[in-house]
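The entries below follow the order in which I looked things up.

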Amino acid sequence: MRYCLLLISLFVLKGAKAQTLQLNLNHTVNGVPMALGNTTYLNAAGDTFNITVFRYYLSNFSVTDIAGNTIKAAPECFLVSEDSLNSKRITLKLPEGRYKGLSFMIGIDSLLNCTGAQSGALDPIYGMFWTWNSGYIMAKLEGTSPSSHLPGHIIEFHIGGYRAPHITQRIVNLTLPQTLVLKSSAKINLTADAYTWFNGISFRQVAGFMTPGTAADRIADNYQHMFSVKN
Amino acid sequence: MIRKAVYLLSLFCLWLLIMGKAGEPGPEYYTLKLPDSLPKPVYDFSKNPLTKQGIALGRYLFYDPKLSKDSSVSCGFCHQQFAAFGHFDHALSHGIMGRVTSRSVPTLFNLIWQKDFMWDGGVNHLEVQPISPITNEDEMGMDLKELITRLQGNKTYKRMFKDAFGTEEVNSQRMLKALSQFMAIMISFESRYDSVMRKEPGVTFTPEEQGGYRTFQQKCAACHKEPFFTDFSMRNNGLPYLPSMNDIGRMKITNNTADYLKFKVPSLRNVLVSSPYMHDGRFFDIFQVFAMYDHGQEKGNTIDPLLKNGIPLSEKEQRQLYMFLNTLTDKKFINNKDLKEIMIED
């Protein structure tokens, strides 16, 4: 009992020493800052489009120190949405150190997709959970495009699927441009470019996809490359 | 010195914690009584321990029409206890404003052994199952966020959530866990068949029932496996495809052509009180089901290997099978007072 308490106390003390790493997320489309609504963009296939919803989950954050060790942040899931400034500021608690890499998952662990009712960022009230085919929507992009043959020329991509063969979680490994010295607090500016989503995709052929499947896997392969470190 | 201080401080915190808890009535744990012969439930109770207050809240939610958009349809509206929580006399489930879905209402019991839900197995956990009918626009048509806001503004719910979970916070996770607690106690193992199997004094099958049991074991039990009377699998049983319904079954979930027309094997427990039958409720009489297996199948590519030659059933076998299925009706379950509908006053 005594040792147990001692351990708890030590853990608490150690925890208190954790430093703050803030990630600032910026969204762009082919390098241009994203604006929801009427701003028109062009995809690689030459379709014009606009974006009304851009939302995705990030989880499983870790950093790599200069010695090559991986240090995991506390297991937490974040729902990032273009329409919410707060959601684009992610705070991680990490030990003091010198880091050269940042890793995270786009999406939610398989286990959390199938272990019942969740809370916090995973609360199904956020519309990121499929009710008829259980599982989280890992990332969502909606808008319109004149190239779309769907009613109202909408484009609607709800990308999810956690069961083989249709898995849409992707791990992002980023090398930091310079060593990050984390002492009390530090910031990293991350950019996510939605242009990458539609590499090789024309809205004339596919303007929407809202189930697990091959098209979703392909977009997941694309969005794996949407992040870059700015500073 | 610092270590000692920390140690004393921890001890003090622990004392505060214990003192704080004492005297405050918490939820009382509820023990679910299950026959020893059954396998361990799939549902993980360690993450949602049953309590009297949790079950009471779940029951209240289950019978509350406020869970639907226009406060007209509760879960219990379609899941009627006397029909083993299926929908008596309705082929297809219907919801708010006269809307109709494309599937029949499944019965609800022994759900804690079930790995997936819905006719196509699309829902992967008991706790997330209720979101489907609540939000489906042809059923309860309610936005989940709107529903949580609605419940948060209700005094009765604030009190009941506090009783069940310790604080007044109303959120979707708590609501779903409470509903799961209520659904978890829908247990049906008290039929006459069960009494016969347990060799209870004075309970035996009649010769007709015994004959039916033999036919069942020979011709039905591979899929409708005892003691659940389902193996929880998805199969194409040869039920003819209806173009007007265009229901592709499990394939809708997996996008895999091998799953075309596959549907969940339903339990045969309480089968005679829960007509109509099949995923689209097309058969109102169990003898139509027998006839389908005997000579009415459509044998497409994905027909189940066990059923590709049909199930020949003579008139006598059918009659005896009916007698046997009758012994699977659990009257204690369909009359269980703890599961009965309650009046929602506000």
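**Entry 1, ground rules.** I take two strands as paired if DSSP finds at least two bridges between them. Helices (H or I, at least four residues) and strands (E, at least two) are DSSP runs, numbered from the N terminus. This is a predicted model, where local features need pLDDT of at least 70, side-chain atom pairs count only at pLDDT 80 or more, and totals for chains, interfaces and linings use all residues. Residues are numbered from 1 along each chain as its sequence is written, chains are lettered from A and ligands numbered from 1 in the order in which they are written, and side-chain values use heavy atoms, with hydrogens and water left out.

I started with S1(A), residues 19–29. Eight of its 11 residues are buried, so I noted the strand as mostly covered. Buried here means under 20% relative accessible area, exposed means over 50%, and partly exposed is in between (1.4 Å probe, protein chains only).

Then I listed the partners of S1(A).
- Strand S7 of chain A (residues 89–94) runs antiparallel to S1(A), with six bridges. There A:Gln22 has A:Thr91 as its bridge partner.
- Strand S15 of chain A (residues 185–193) is parallel to S1(A), over nine bridges. I found A:Asn24 bridged to A:Asn189 in S15(A).
- Strand S2 of chain A (residues 32–33) is antiparallel to S1(A), with two bridges. A:Thr28 has its bridge partner in S2(A), A:Pro33.

I checked the turn as well. The hairpin of S1(A) and S2(A) has two residues between the strands, and A:Asn30 takes a positive phi near 50 degrees in it.

How many of the 10 residues of S10(A) are buried? Nine are, so this strand (residues 135–144) is largely enclosed by the rest of the structure. I went through its neighbours next.
- S4(A), residues 48–65, runs antiparallel to S10(A) with six bridges. A:Phe54 faces A:Leu141 of S10(A).
- S9(A), residues 129–130, is antiparallel to S10(A) through two bridges. A:Phe129 pairs with A:Tyr136 in S10(A).
- S11(A), residues 154–160, pairs antiparallel with S10(A) over seven bridges. A:Lys140 is opposite A:His158 of S11(A).

I stopped at the loop between S10 and S11 of chain A, which holds A:His153. A:His153 is not a glycine, yet its phi is positive, about 55 degrees. A:His153 is partly exposed, at a relative accessible area of 42%.

I counted 13 helices and two strands in chain B. The C-alpha trace of chain B spans about 85 × 50 × 45 Å along its principal axes. Of its 346 residues, 52% count as buried.

I used rings of Phe, Tyr and Trp (its six-membered ring), paired if their centres lie within 6.5 Å; planes under 30 degrees apart count as stacked, over 60 as edge-to-face and the rest as tilted. The count is 45 aromatic pairs over all chains. I picked B:Phe216 and B:Phe229: the centres are 5.2 Å apart and the planes at 35 degrees, so the pair is tilted. B:Phe216 is in helix H9 of chain B (residues 207–219), while B:Phe229 is in the loop between H9 and strand S1 (234–235) of chain B, 13 residues apart. Both B:Phe216 and B:Phe229 are buried.

I stayed in that loop. B:Pro227 is in it, and the peptide bond from B:Glu226 to B:Pro227 is cis, with omega near 0 degrees. B:Phe232 has a positive phi of about 65 degrees and is not a glycine.

A cavity, on a 1 Å grid over the protein atoms alone, is a set of points where a 1.4 Å probe fits but cannot get out; lining residues have an atom within 4 Å of a point. Grid points are joined across faces, edges and corners, and a volume is the space filled by probe spheres set on the points.

I found one cavity of 30 Å³ or more. The largest cavity holds about 40 Å³ of space. Its lining includes B:His87, B:His90, B:Ser275 and B:Pro276. I sorted the lining into two nonpolar, six polar and no charged residues. Here Ala, Val, Leu, Ile, Met, Phe, Trp, Tyr, Cys and Pro count as nonpolar, Asp, Glu, Lys and Arg as charged, and the others, Gly among them, as polar.

Where does the largest cavity lie? Domain 1 (45–187) and domain 2 (192–332) of chain B both give residues to its lining, so it lies between them. The domain bounds come from an automatic or database domain assignment.

Last, I looked at one stretch of the lining. B:Ser275 and B:Pro276 are joined by a cis peptide bond, omega about 0 degrees. B:Pro276 is in the loop between strand S2 (263–264) and helix H11 (286–295) of chain B.

Terms used: 1 Å grid on protein atoms, 1.4 Å probe; cavity = no way out; pocket = protein on both sides within 12 Å on 5 of 7 lines; lining within 4 Å.
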